[in-house]
Amino acid sequence: DVLPSPDGPAPSVSITEIRQYLRAQDIPFHDGYSCLHTPSLFTGEGGDQPLSASAPFTLFIDKTTGSFLCTATLAEGTWQDFQANVEMWHRGITPMPPASSEEMEEEMRQAREDARCIWERALPLWELLDENETKETKALFGISQVTDATLKRFGVRYLRTARSLVFPWFSPQDATLKGLKLVRVEKKGGTITYVEETLPRFDSYRNLFGLPLIGRRDTELVLTGWELDTLALHQAAGVASLALPRGASCLPPTLLPYLEQFKRITLWLGEDLRSWEAAKLFARKLSLKRCSLVRPGNLQPRPLEALNQGLNVTKILRSALLASHKSIVSFRQLREEVFGELENTEQVAGIKWARFPMLNKLLKGHRRGELTVFTGPTGSGKTTFISEYALDLCMQGVCTLWGSFEINNVRLAKIMLTQFSGRRLEDQLELYDEWADRFEELPLYFMTFHGQQNVKTVIDTMQHAVYMYDITHVVIDNLQFMMGHEHLSVDR
């Protein structure tokens, strides 16, 4: 068996092992939806005294990965880090959360400083020079119906120089500013697109927008894929609502502890089938039995659109479908879904490639749950084509995992960066950082394997990546290198 390199995923741990370990260490815990809840090691002193069951249960252990987060101190780490801290605590040493690298710390500090400068320059929308500018700005973002009181409650501001709305990220601990999301509108022909930028970068940006306004006694929540939808929901239905930092593309597991207090979660992520698929995926992470989903449709658009059209938002929420279902269904239960597929044939066909119109004719689009095999002789351009093909989807927000068993990741990333920039960067090295920064924003991940591998190890890594990053597209290049030649005699 070939082991993954040290920076591969942490060894997996089962929920049974976690429970057994906590009992053996006399750590009280109770079962949550996605996490086990325990008193925190990081809020008191180390020593021989057992953790008290009457202490607040502020430490959350992910049932799938064993990773932990203490919401009181923001200490977080892997299952192995947790075990190491328990050992320290037993020896009377105050546990220390695992430190991130100095480089990361400096980057986060710089991002917070940049965010503070932007925040101070941004103005509340109702403080713009005149009423006309306020009206025009609101109309541009489609929030004419959103009141100043709602914008004020959520702390939304406007940055004139960048013509962007500014959404703050406040620490749940002490309400200090941790980061920002800037959203601006771009018009191309008749279509409007929203361009987002975050400080810190997307992979470190974990803001559940609206979290400081959630009360301890709130038990019902609506999760949206966009900050403006959260504003609309609060205003139209007065419900507790949060927006996911990366919309319908990803639900980072580090956010699950903040969602544990809710007995019922309604997912209303958007108005297309992609949002619907994402809602079903996220419901599995959050525990199906407490989740309901709002099905996209003409009479059930995204919350902001529903507010603008004067629809009854509370009624739409009441019609949300339960995520959990029994193992046997009748056509009556499938009827609405079948109609949805007939009504949205283009969306059902999948995500279209922007660069390959002929491929769209052949495959219609990229759809989850399908396997496509590309074959061809050595040197015919399979890797070059597949990297362009995957990059095309990745640029449209499809979370992609690469397993490059034939060429190493540095060479593959160089090919993809060249394709992404559309230029020979070796001749224009001064542009490297600019393009590398843009490339880094893509939801693209690489497995660290190379050459022949144990298939179970590769599958475990893929499952880990799907849970952590909501991967919806996996590329294996190529099967022969991964399996090794002696495996090719067995059932393919």
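This is a predicted model: local features need pLDDT of at least 70, side-chain atom pairs count only at pLDDT 80 or more; totals for chains, interfaces and linings use all residues.
**Exercise 1: Two helices side by side**

Work out how helix H1 (residues 15-24) and helix H2 (residues 79-90) are oriented to each other, and which residues meet.

*Solution.* 
- Step 1: Two packed helices are described by the angle between their axes and the distance between the axes.
- Step 2: For H1 and H2 the angle is about 10 degrees, and the axes are 12 Å apart.
- Step 3: Angles under 35 degrees count as roughly parallel, so H1 and H2 are roughly parallel to each other.
- Step 4: Now look at the side of each helix. From H1 come Ile18, Tyr21 and Leu22, and they meet Trp79, Phe82, Gln83, Val86 and Glu87 of H2.
- Step 5: Sorting the residues of this contact gives six nonpolar, one polar and one charged.

**Exercise 2: Two aromatic pairs**

Classify the ring pair of Phe42 and Phe68, then the ring pair of Phe356 and Phe385.

*Solution.* 
- Step 1: A pair of aromatic rings is described by the distance of the centres and the angle of the planes.
- Step 2: The centres of the Phe42 and Phe68 rings are 5.6 Å apart and their planes are at 10 degrees, so this pair is stacked.
- Step 3: Phe42 sits in the loop between strand E2 (35-38) and strand E3 (59-62), while Phe68 is in strand E4 (residues 68-70); the two are 26 residues apart.
- Step 4: Phe42 is buried at 12% relative accessibility, and Phe68 is buried at 3%.
- Step 5: Phe356 and Phe385 lie 5.2 Å centre to centre with 70 degrees between the planes, an edge-to-face pair.
- Step 6: Phe356 is in the loop between helix H11 (345-348) and helix H12 (357-363), and Phe385 is in helix H13 (residues 382-394), so the pair ties together parts 29 residues apart in sequence.
- Step 7: Buried means under 20% relative accessible area. With 19%, Phe356 is buried, whereas Phe385, with 26%, is partly exposed.

**Exercise 3: A residue in a loop**

Decide whether Arg163 is buried or exposed, and list its contacts beyond its neighbours within four places in sequence.

*Solution.* 
- Step 1: Arg163 is placed in the loop between E7 and E8.
- Step 2: Its relative accessibility is 52%, so Arg163 counts as exposed.
- Step 3: Leaving aside those sequence neighbours, Arg163 is in contact with Leu140, Phe141, Tyr158, Val183 and Arg184.

**Exercise 4: Backbone details**

Describe the backbone feature at Pro200 and the one at Ser287.

*Solution.* 
- Step 1: The peptide bond from Leu199 to Pro200 is cis, with omega near -5 degrees. Pro200 belongs to the loop between E10 and strand E11 (220-224).
- Step 2: Ser287 is not a glycine, yet it has a positive phi of about 90 degrees. Ser287 lies in the loop between helix H7 (273-286) and strand E14 (291-293).

How values were computed: Residues are numbered from 1 along each chain as its sequence is written. Side-chain values use heavy atoms; hydrogens and water are left out. Axes are lines fitted to C-alpha atoms, for helices over the stretch in contact, and angles run from 0 to 180 degrees between N-to-C directions. Helices (H or I, at least four residues) and strands (E, at least two) are DSSP runs, numbered from the N terminus. Angles under 35 degrees count as roughly parallel, over 145 as roughly antiparallel, 65 to 115 as roughly perpendicular and the rest as oblique. Contact means heavy atoms within 4.5 Å. Ala, Val, Leu, Ile, Met, Phe, Trp, Tyr, Cys and Pro count as nonpolar, Asp, Glu, Lys and Arg as charged, and the others, Gly among them, as polar. Rings of Phe, Tyr and Trp (its six-membered ring) pair if their centres lie within 6.5 Å; planes under 30 degrees apart count as stacked, over 60 as edge-to-face and the rest as tilted. Buried means under 20% relative accessible area, exposed over 50%, partly exposed in between (1.4 Å probe, protein chains only).
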